[in-house]
Amino acid sequence: MQAFRDEVRAWLETACPVSMRTPAKESEDVWGGRKPWFPSEDARLWMQRAAERGFTAPTWPRAYGGAGLSRDQARVLAEEMKRLGCRTPLKSFGIWMLGPVLLEYGSEAQKLQFLPGIARGETRWCQGYSEPGAGSDLASLATRALRDGDGPTASYVVSGQKIWTSHADKADWMFCLVRTGAEQPKHEGISFLLIDMQSPGISVRPIELISGASPFCETFLDEVRVPVAQRIGPEGGGWTIAKKLLEHERAAISQLRDSASSEEEPLETLAKRYLGTGADGALADPALRDRITQANMDFLCNQLTLRRSAAAAQSGRGPGGEALMLKLYATELNKRRRELKVVIEGFQGLGWDGDGFSAEELRHTREWLRSRANSIEGGSSEIQLNIIAKRVLGLPD
Ligand SMILES: Cc1cc2nc3c(=O)[nH]c(=O)nc-3n(C[C@H](O)[C@H](O)[C@H](O)COP(=O)(O)OP(=O)(O)OC[C@H]3O[C@@H](n4cnc5c(N)ncnc54)[C@H](O)[C@@H]3O)c2cc1C
């Protein structure tokens with residue numbers, strides 16, 4: 001493994017531009033797509049080089065655009081990228097969510113059609129799960145898909161409305177849950193379709209959020225034709241795939257929150273800057289000191305649990321009960337850390353815009369507001385608690 005580490009380290013030293021070794025602001029994220037946007041030429045180069053090497057999707061097989069790395073090798077790559085401070089070259093729902101289920105449930109033709117484009121950052125995806133009447137109770141979804149014709153030219157005609165579709169206005173494709181069997185029990189009448197967002201009949205309307213940013217959209221489907229060949233898994237078998245995708249989504253949310261927190265200025269440093277210290281060099285306010293210490297200890301515990309979960313997965317034991325609590329814990333912890341920053345900054349932490357606030361303070365306010373959504377997206381905390389109660393603790397429904 002040392003030889004692999006040396007090889008990766010040497011490659012990163014030459015391939016990752018120096019400007020890509022600094023923490024990225026959210027506004028500088030690279031998402032790829034048919035019409036990609038890059039904050040700089042270095043960002044474009046970094047994504048292209050990483051994609052050529054298969055490092056945007058390290059564990060995917062080479063035939064599908066990955067690097068064919070083992071889990072151990074992927075961990076070494078992640079460690080070396082972290083050591084150098086490399087930015088994630090490509091952010092992608094395709095890599096975090098769709099790719100893993102395509103690898104598991106897609107046909108060979110589907111894998112070859114979609115995975116390489118995802119790994120190269122050529123297609124950007126959005127998630128068409130939630131509907132106005134189906135959020136936590138996702139299986140109640142009503143977007144219907146009626147089959148038209150037989151054989152290779154058969155298609156579904158899809159009509160309905162999706163909501164909270166993050167980045168739908170920028171996405172090229174949507175992985176989407178639809179109802180193909182109106183007569184069947186609700187979990188059995190769902191299918192998993194891949195829909196080209198340029199298909200006639202699709203319209204998208206952005207939704208503005210409390211944090212000011214608006215990646216969220218309503219997506220309307222009006223008799224959209226989708227080839228049957230773009231269905232993943234059997235007709236009516238979409239619920240199993242949907243649930244598996246949610247596991248990948250929740251794991252990605254937990255890891256993102258964890259790595260974002262480890263890049264930040266420590267809470268105690270921020271507090272000392274704003275509130276000063278006593279004669280002993282410690283924060284003067286004991287109650288705040290206690291909250292910060294508790295948050296730091298909880299953060300470290302969460303990191304240890306993440307590692308325990310990764311080690312279990314690497315040893316082939318599969319995710320255990322701890323994996324089910326990671327999303328809940330990481331997102332609740334992130335909310336607490338964001339709130340503590342605003343508390344530390346006092347009135348300065350409550351600015352929206354204007355000269356009276358530094359750019360950092362304005363960012364903290366918006367990040368605090370954005371964090372409120374963490375415990376809703378990907379399944380709310382209450383739903384995570386229900387899952388833990390049922391699947392880990394074995395409690396009755
Ligand atoms: C930032 C963000 C991004 C999102 N991105 C996407 C996306 O890209 N694609 C997509 O399809 N969806 C997306 N969503 C939607 C998200 O999946 C839903 O908001 C979530 O599943 C909750 O559904 P809901 O909003 O309809 O709330 P509801 O299901 O109406 O829940 C309302 C409240 O009731 C509680 N509740 C509901 N049922 C139970 C129960 N059985 N037991 C206990 N409490 C319960 C919930 O915890 C919640 O507090 C996003 C949401 C957010 C906030």
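**Entry 1: domains**

I started with the spacing of two domains: the C-alpha centres of domain 2 and domain 3 lie 31 Å apart. Their contact draws eight residues from domain 2 and seven residues from domain 3. On the domain 2 side that touches domain 3, I noted five nonpolar and three polar residues, and no charged ones. A reminder to myself: this is a predicted model. For the bounds I went to the domain assignment, which gives domain 1 as 2–119, domain 2 as 125–232 and domain 3 as 241–392.

**Entry 2: strand E1**

Are its faces covered or open? Both are covered: I find Trp125 and Gln127 buried on one side, and Cys126 and Gly128 buried on the other. For a partner I looked to strand E4 (residues 173–179), which pairs with E1 in the parallel sense over four bridges. Within this pairing, Cys126 stands opposite Met174 of E4.

**Entry 3: nonpolar cores**

Trp125 and Met174 came back when I turned to the largest nonpolar core, which has 62 residues. Both belong to the group that touches the most other members, together with Leu98, Ala119, Leu177, Leu193 and Ile195. Leaving aside residues up to four places away in sequence, Leu193 touches Ala145, Tyr156, Cys176, Val178, Val226, Gln230 and Arg231. Apart from this core I found another, of eight residues, including Ala323, Leu326, Leu328 and Ala330.

**Entry 4: Ser358**

My last stop was a loop, the one between helix H9 (321–345) and helix H10 (359–371), where Ser358 lies. Why does Ser358 count as exposed? I found 12 other C-beta atoms within 10 Å, and 12 or fewer is the cut-off for exposed, so Ser358 qualifies. I also checked Ser358 against Lys244: the two are 114 residues apart in sequence, and their C-alpha atoms are 42 Å apart in space.

Definitions and conventions
Residues numbered from 1 in each chain as written. Predicted model: local features only at pLDDT ≥ 70, side-chain atom pairs only at ≥ 80, totals over all residues. Core = buried A, V, L, I, M, F, W, Y, C linked by C-beta atoms within 7 Å. Buried ≥ 20, exposed ≤ 12 C-beta atoms within 10 Å, placed from the backbone. Contact = placed C-beta atoms within 7 Å. Domains from an automatic or database assignment. Nonpolar A, V, L, I, M, F, W, Y, C, P; charged D, E, K, R; others polar. Helix = DSSP H or I, 4+ residues; strand = E, 2+ residues; numbered from the N terminus. Pairing = 2+ DSSP bridges.
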